[in-house]
Amino acid sequence: MSSDRLMRIHSAEFQAMAERVLRVTELTSRLNVLPFEDEAGKAELFERILGKPLPPRVTIYPPFYTDHGLNLDLAERVFINQNCTFLDYAGIRLGGRVMIGPKVTFITSGHPVDPEERRLYLTGAPINVAENVWIGAGATILPGVTIGRDAVVAAGAVVADDVPPASLVTGSKATVRRKWIANDE
């Protein structure tokens, strides 16, 4: 897993990542139309998406989305419900017995806040989810977050800060943090 990152958008590294995103998008689109009972077909596509076989007793219900795949680290007995998205450019680790509700989104990448730099760079920071965590339906986990063992993230929560072990976090209220003068074009 990568640490905090800053990647120039017009670079060879970005181009290689963009090519991987196109390849994985094709693979996930194939995965998401397979018959549900086609276990062998799903296993083969997950191995190509993740670069390795799924660990024992991992359950993933399609549709499933990832933009990179190679930076998604799943431990044993992880459960991922339908319609989840893993933008794993900077790395996502899910510990053993983690349960992910439907429509959960993990985002490890973004752009600088400064409007002048926004289209020049991709930023990223890893997400680490410890063992026995439950993440409720529709939650969004943002770059750089660590979620402690046995924690619960409520449905619909937007998690931008670390979550202590054995705690419940809720909420999705947006708050103005900073304003700047718009650059009229």
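This is a predicted model: local features need pLDDT of at least 70, side-chain atom pairs count only at pLDDT 80 or more; totals for chains, interfaces and linings use all residues.
Tyr65 has Thr85 of β6 as its bridge partner.

**Strands around β6**

Strands β3 and β6 run in the parallel sense and pair over three bridges. β6 also pairs with strand β9 (residues 105-107), again in the parallel sense and over three bridges. In β9, the residue opposite Thr85 is Thr105. Thr140 itself belongs to strand β14 (residues 140-141). Is Thr140 buried or exposed? Its relative accessibility is 18%, and because the limit for buried is under 20%, Thr140 counts as buried.

**Helix α2 and its inward side**

Helix α2 covers residues 39-50, and its 12 residues reach 16 Å from the first C-alpha to the last, close to the 16 Å expected at 1.5 Å a residue. Which residues of α2 are buried? They are Gly41, Lys42, Leu45, Phe46, Ile49 and Leu50. These residues cover an arc of only 145° around the axis, so they sit on the same side of α2. As a general point, an α-helix has 3.6 residues a turn, so residues three or four places apart point the same way. The buried residues of α2 pack against α1 (12-31), β2 (59-60), β3 (64-66) and β4 (72-74). Just after the helix, Gly51 takes a positive phi of about 80°.

**The nonpolar cores**

The largest nonpolar core has 35 residues, and Leu94, Phe106, Ile135 and Ile147 have the most contacts inside it. At least two residues of this core come from each of α1, α2, β4, β6 (84-87), β7 (92-94) and β12 (127-129). The element that gives the most is α2, with four residues. Phe106 touches, among others, Phe86, Leu87, Ile92, Leu94, Ile127 and Ile135, not counting residues up to four places away in sequence. A second, separate core of five residues includes Met7, Tyr89, Ala90 and Leu122.

**A network of charges**

Side chains of opposite charge can pair when their charged atoms come close. Across the whole structure, a search finds eight salt bridges. Three of them are set out here.

| Salt bridge | N to O distance |
|---|---|
| Glu131 with Arg93 | 3.4 Å |
| Glu131 with Arg149 | 3.7 Å |
| Asp150 with Arg149 | 3.8 Å |

Salt bridges that share partners join Arg93, Glu131, Arg149 and Asp150 into one network. Glu131 forms its salt bridge with Arg93 from the loop between β12 and β13 (134-135), while Arg93 is in strand β7, so the pair ties together parts that are 38 residues apart in sequence. Glu131 also forms a salt bridge with Arg149, and this pair links distant parts of the chain, with Arg149 in the loop between β15 (146-147) and β16 (152-153), 18 residues from Glu131. Arg149 is partly exposed at 39%, and Asp150 is partly exposed at 36%.

**Near the start of the chain**

Asp4 lies in the segment before β1 (5-8) and is exposed, with a relative accessible area of 64%. Asp4 touches Gly124, Ala125 and Pro126, not counting residues up to four places away in sequence. Asp4 and Gly136 are 132 residues apart in sequence and 26 Å apart in space, C-alpha to C-alpha.

Notes
Residues are numbered from 1 along each chain as its sequence is written. Side-chain values use heavy atoms; hydrogens and water are left out. Buried means under 20% relative accessible area, exposed over 50%, partly exposed in between (1.4 Å probe, protein chains only). The expected span of a helix is 1.5 Å times one less than its number of residues. The arc is that of the directions from the helix axis to the C-beta atoms. Contact means heavy atoms within 4.5 Å. A nonpolar core is a set of buried Ala, Val, Leu, Ile, Met, Phe, Trp, Tyr and Cys residues joined through side-chain atoms within 4.5 Å. Two strands pair if DSSP finds at least two bridges between them. A salt bridge is a side-chain nitrogen of Lys or Arg within 4 Å of a carboxyl oxygen of Asp or Glu.
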